[in-house]
Amino acid sequence: MKALREAFSRPSILSKLLVSFVALSAVPLIVLAYLANRNLHETGVEALLNIEEMGHINLSLIEQLRKKVIQDTVEALDARSTEAIEVRTVDLANAIAAFLYERDNDARTLSTILPSEKDYLSFFQCHYRTVIEPPSTIEEIRTEKKSSTIVVSGNPENSQSWRNLPPYDFKKKSIPIYREISFVDLEGNEKIKITSHGASKDLRNISSKRNTYCQAEDYFQHLGSLSDNEIYVSRVIGEHVPGWLQVSDGKVTVDPASAYAGKENLAGKKFEGIIRWAIPIVERGKRIGYCTLALDHEHIMQFTDHLVPTEERFSNISDAGEGNYAWLWDSEDRCISHPRDFFIMGFDGNTGREVPGWISETTYSEYLASGKFLEEFVRELPNFREFTQNKKGAKDQTRIGRIALDCKTLDMAPQCQGWHDGTDDGGSGSFVILWSGLWKLTSYAAVPYFTGQYSKTKRGFGYVTFGANVDDFHKAANDTKLYIQKTLEEQKDSIEKVNLKTGSTIREREADNRNLLLAIGLVSIMAVVGASIIISYGITKPIKNLTAGALAMRRGELNQRINVQSRDEIGELATSFNEMASTVAELDHMKSEFVTIASHELRTPIHSILLSVTGILGGYSGEINDEVREDLETVRLEIDRLMRLVNDLLDLSRIEARKIQLQMAPATISAIVSQAVERISELATTHNHSLENSLEAEKTVVNVDVDRIVQVLINLLGNSIKYNPDGGKIIIDGSAHENVFSILIIDNGYGIPDWAQKKVFDKFFQADTYMSQKVGGTGLGLSISKHIIEEHGGSIQCVSPAPKNNYPDLLLNFERKGAVFTLTVPINQKSAG
Amino acid sequence: MKINKILVVDDEDNISSYLSRKLSKLGYEVFVASDGETAIDITFSRLPDIVLLDVKLPKMNGYEVCRKIKSNETTRLTPVIMLSAKTQGNEIQQGLDAGCDLYLTKPIGFPDILQHVRSFEE
């Protein structure tokens, strides 16, 4: 810390280095950190945006995928369902055809038997068939249960997609296949007639319709044209049973007064009917009559009433209300089997006339306008004219419950046309139609039975149709759809979660990186500061050493050498310094040597001259006149001056070279000053100067080389005497100040001009050349004195003019300005204490 | 003690010849030597009454010469005045250590030298 404070308090190398290092490293570092942080932040933001976008893309892809998958799945599953339903439709049609062909066989068999009541009875009793007995009450329906036993395969290799359905354990009963069998002679008289009650005695002539079933049969008129072995098959004949549909809140229910309608109306009257087979009987080549077999229509109903085009597959009771059921149309498009019995075309029991089919209100209005009978009007209606479900059923027909379905004229049910058209070539198929507010799949298949009148078209006996509620029929697809939707929702959720997590991770990382960057920055700056301090110390320390060395050299310690450690420029500088120091020391040594030798060599000739001159002056060379004596005296004075010069030079060179050793010893000021006064008094007297010593009793003890201080005092006093006019006054004064004692030598001479006051201590400086000549000064005395005092750690200075007021005795005036020389020497601390 | 014979030892011919002339003129028997060895030879052979001895000499310096004179039984009482251009304290001390009787520094006037020589006559 101290170093730092020092570094900033003055513009040292350290502070400069510190500032430039910090500036050079910290500024780019800060810029770098700022940029890195900004980039990081931008990257983070961008990454977040990308992730978000990716999420959105993902989600929209998922959404698309969802739609596509659902659509595809629904389509695929629908296709499968459709196919399954179509297959069942065709199977059903084939089964019905096979059943009908069996009846052909029955007829042929019966025709080979000679008619007898006994044989006909036994034939009748041999032809029974089981039918499902529908429940008679709602409760009974509810008790229907499926087996709760789960059946699995004993072999685990069969466990994949293992499916098992329990058997349909419906209550069944056996009933006669035929309502009656009979033998009719060529005139139409019944000769034998067997019913479930046995042989009937109520034999009639059936050539009259009134004597036929439901008064509606006209088969006798067709028999005559039959060739031998040719079979006649009638249409379905039965009494129409009325029914009423009630519609409330879009839901259709069946009025209880209606005919039987499966689950919708258990108690209603059932449609009962027959289909009659007839075949000629030939005996010995001669036709004797016809045998007829009236198939109980119930057996036809069995085929359609218990089939369900859904997973349920079979039911013991039909339910048109659910919309999933099968029904049957004959070759002329009349409804001959339907869960709702009132839809089956039939005859009026009283009149034997066919009940006309249900038509639309629109068409009914036409009928009303036509003035025709309804049967007549409907019979004359063109087939499949303007069929559309925009039409509503005729209310008059609805009111009286006469709503049998005749596909050709049911012009508010466009699907009729579809079935009809689809079975034109005896084929099968399906389509979807919106019916009664429900989308329904409907399939159709022609019943390939081509006997008698049914051989007229490829449609054969007629056609089977299936209706399936799309919801039910879509069930598999919908289940899959729900599953996919759920999975995709979960996927969406997990994507959103991942996005959120990724976002927060990025933010965390961003913060982490920022902190790391900050830490690196701080560490770097600290390292830079540390490095700059170390480096600057590496530079400044040797420089300080150099400075110290130079200062020591200045003090004369010429043997000073810098300890060179580094090999860099500083090291070179130190080496150069050392070399310079060596050179300087050598030069100094040479100078001292020179001065010593020179002074010695000078003394020898001076000695020679002095010997001669003094000899002459002493009269050892004979008598000399006054003029010669006077001249030789001048020579003698100049020799003295020359000697002083030589001595002073030698002295100065020794002092400058620090070759003199101060002999420090404690001494009182009074003793030192008195010694000087004593030695100068002769000179003072010569020049008529008065000396006033104020320090005669000064007992302060100083630590000095007494001889040297005395030398200085003599020099100063001598100057005051020699450079000033004779008869002057000199005061020696002084006082102690803390650690030093100041000695003042004050004269009342000419004084020293301002410009010269500092120069007087320079070598060979003489303010007044003339005066110097006159007094024979060397110009070295003050220089030597200054060196001596400074060597003691003291100081010497000169002030002129002398302060008048302090020294009134000196009588200072304009001419006699006076001068004060002040020298300070250290007080001996031990003695001072 | 009466001084009759003076040995002047100096390598500067001007100085030795001047002293020789002036002292001879005053009635002294003067021997001159310009190097240390000669000075020793003359001292031991002629036995001068006083020796004026320069310090800086060829072959053997003044201190050595003085030491030899003072260490010889015959000559040890012979006064030796050393004259030297060397004025430092240690040089004077060296001279006194060598046993000289008087140490004078150059330059010095002839009357002064004569006065110092005569001071040994009393």
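Helix α10 (residues 415-422) of chain A lies across β12, β14, β15 (438-447) and β16 of chain A, running at about 175° to β14(A). This is a predicted model, where local features need pLDDT of at least 70, side-chain atom pairs count only at pLDDT 80 or more, and totals for chains, interfaces and linings use all residues. Residues are numbered from 1 along each chain as its sequence is written, while chains are lettered from A and ligands numbered from 1 in the order in which they are written.

**Terms**
- Helices (H or I, at least four residues) and strands (E, at least two) are DSSP runs, numbered from the N terminus.
- Angles run from 0 to 180 degrees between N-to-C directions, with axes fitted to C-alpha atoms, for helices over the stretch in contact.

**The sheet**
- Five strands of chain A make an open sheet in the order β13-β12-β16-β15-β14, with antiparallel pairing (to pair, two strands need at least two DSSP bridges between them).
- β13 (335-337) and β14 (428-435) of chain A sit at the edges with a single partner strand each, so one side of each has no neighbour in the sheet.
- From one strand to the next, the twist averages 30°.
- β12 (residues 325-330) and β16 (residues 462-469) of chain A pair in the antiparallel sense over six bridges.
- Across that pair, Trp327(A) stands opposite Thr465(A) in β16(A).

**Where B meets A**
- 13 residues of chain B are in contact with 15 residues of chain A (C-beta atoms, placed from the backbone, within 7 Å).
- On chain B's side, α1 (13-25) and α5 (110-119) each supply at least two residues, and α1(B) gives the largest share, four residues.

Methods: Two residues are in contact if their C-beta atoms, placed from the backbone, lie within 7 Å.
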